[in-house]
Amino acid sequence: MSNKPLNVGLVGGGKGAFIVHPHQKAILMDGTRRITAGALFPDPKIALEEAANWPYPIKGYGSYDEMIAANASLPADEKLDYILIVTPNFVHFDPAMKAMKAGIAVFCEKPLCLNLKEATELVKTSRKLGVPFAVAHTYLGHWTTRLSRYIVQSGLLGDIRWVDSYYIQGWLATKLEATGQQQAAWRVDPKRAGGSGCGGDIGTHALMQLRYVTGLEVTEVSAHMETFVQGRQLDDHFTIYCKLGNGGKALVRASQICIGHKNDLGIAISGTKGTLRWRQEDPECLTIHLPDQPDRVYWRGAVSPGDGFLPKNVPADLMAEPTIPSGHPEAFHDAFARLHRCFEADVRKWKAGRKFTSDGSKYATVDDGWTGLAFLETCLKSSKKKGAWVAMPKKI
Ligand SMILES: NC(=O)c1ccc[n+]([C@@H]2O[C@H](COP(=O)([O-])OP(=O)(O)OC[C@H]3O[C@@H](n4cnc5c(N)ncnc54)[C@H](O)[C@@H]3O)[C@@H](O)[C@H]2O)c1
């Protein structure tokens with residue numbers, strides 16, 4: 001296999017942009033991927049200036065259309081292996097479609113796109129063309145999230161009765177968008193964010209965390225999407241009571257008006273045998289509570305299979321995933337790196353004409369992105385009916 005680093009092209013990321021920076025660090029983390037090109041801003045002149053000012057040399061393009069079109073005529077070692085879409089939600093669908101049609105794999109920020117109609121087209125196109133497609137649900141990349149998934153899906157907590165999956169923030173407790181703050185401005189605008197503000201922005205992370213760790217699907221929702229800050233068009237508080245496929249129940253909740261909460265994402269899962277708790281602000285450990293026993297705290301990189309709770313046969317690939325010894329903390333950037341690393345493996349297989357799995361076990365897929373949009377649209381329907389139970393649509 002070639003050890004040439006994969007070439008990544010950015011869509012978005014210029015002038016004060018946020019999430020491109022954790023991504024670009026994560027892309028560079030292993031030395032096996034690099035950013036080689038970018039269409040960094042909607043205005044072509046500024047896009048080129050921003051590319052020229054990038055901390056290391058990249059090829060700048062005036063638009064993502066140009067970047068994708070130019071790819072066909074580049075020499076093989078300069079062609080893009082995947083694009084990373086880090087634009088606001090209304091600029092996800094178009095570059096993702098165009099990249100897939102040009103034979104370029106896609107790593108797209110969440111939520112996947114603006115609505116279920118777009119999501120359906122993206123799923124169908126990626127299936128038809130067989131192009132690898134990841135969605136950036138960051139917190140799946142924490143090793144402790146991987147271990148949580150193993151614990152829950154191996155049945156070590158028994159049958160799952162209750163899940164509380166949450167993402168609570170406070171940064172939109174005032175009308176920050178009125179100050180022109182870049183990240184706030186588009187997040188509260190339905191044309192650029194989609195039909196849900198808080199739900200789309202961070203409720204989708206809470207949903208993905210629930211689905212990834214438990215393997216369970218939400219079947220019906222009773223939704224309360226509320227707006228506390230006067231004059232805001234979209235929800236800034238998102239509380240969803242859910243029925244799960246196994247007969248259990250869950251709360252998927254998100255808020256952006258809870259002053260003092262920063263990126264307070266976490267999950268508590270209770271089964272018939274015990275409870276698991278994890279928080280991303282303390283992401284290196286998870287806690288297991290079993291009846292009449294002292295709590296067990298599992299640290300990344302310091303797990304002993306066959307310890308009386310974990311079986312002896314914890315999968316070797318899971319045990320091998322941590323990058324540095326425990327006590328040297330991994331965090332947000334490492335979680336992103338783990339997702340890019342796993343996506344890279346699939347892109348390399350695809351490029352070599354080999355089968356790649358992209359089954360959602362290593363990173364969120366376009367199908368997971370679709371489920372996020374299906375969830376949001378079902379919540380919107382339920383919330384309009386004052387929290388009446390509404391069923392999720394059938395998977396495509
Ligand atoms: N996974 C996560 O943890 C996480 C965290 C934050 C944001 N996000 C998602 O990432 C995306 C971007 O969010 P952000 O906070 O970084 O936004 P941002 O406003 O900070 O950055 C968006 C960038 O896109 C650029 N852009 C807009 N339209 C463009 C176009 N047509 N062509 C090229 N560039 C264009 C903007 O100029 C800016 O550089 C959103 O979808 C958001 O939901 C995900």
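Mentor: Welcome! Residues are numbered from 1 along each chain as its sequence is written. The model is predicted, so local features need pLDDT of at least 70 and side-chain atom pairs count only at pLDDT 80 or more, while totals for chains, interfaces and linings use all residues.

Trainee: What makes up domain 1 and domain 2?

Mentor: Domain bounds come from an automatic or database domain assignment. Here, domain 1 is 6-138 + 337-357, and domain 2 is 140-327 + 373-384. Their centres, taken over C-alpha atoms, are 26 Å apart.

Trainee: How many residues does each domain give to the contact?

Mentor: Domain 1 gives 17 residues and domain 2 gives 18. Two residues are in contact if their C-beta atoms, placed from the backbone, lie within 7 Å.

Trainee: Why are strand 14 (296-299) and strand 16 (390-391) called edge strands?

Mentor: Strands are DSSP runs of E, at least two residues, and helices are runs of H or I, at least four, numbered from the N terminus. Two strands pair if DSSP finds at least two bridges between them. The open, mixed sheet has the order 14-13-12-11-7-10-9-8-16. Strand 14 and strand 16 each pair on one side only, so they are its edges.

Trainee: How do you know that strand 9 (residues 237-244) and strand 10 (residues 249-255) pair?

Mentor: Pairing needs at least two bridges. These antiparallel strands have 7, so they pair. In one of the bridges, H237 has S255 of strand 10 as its partner.
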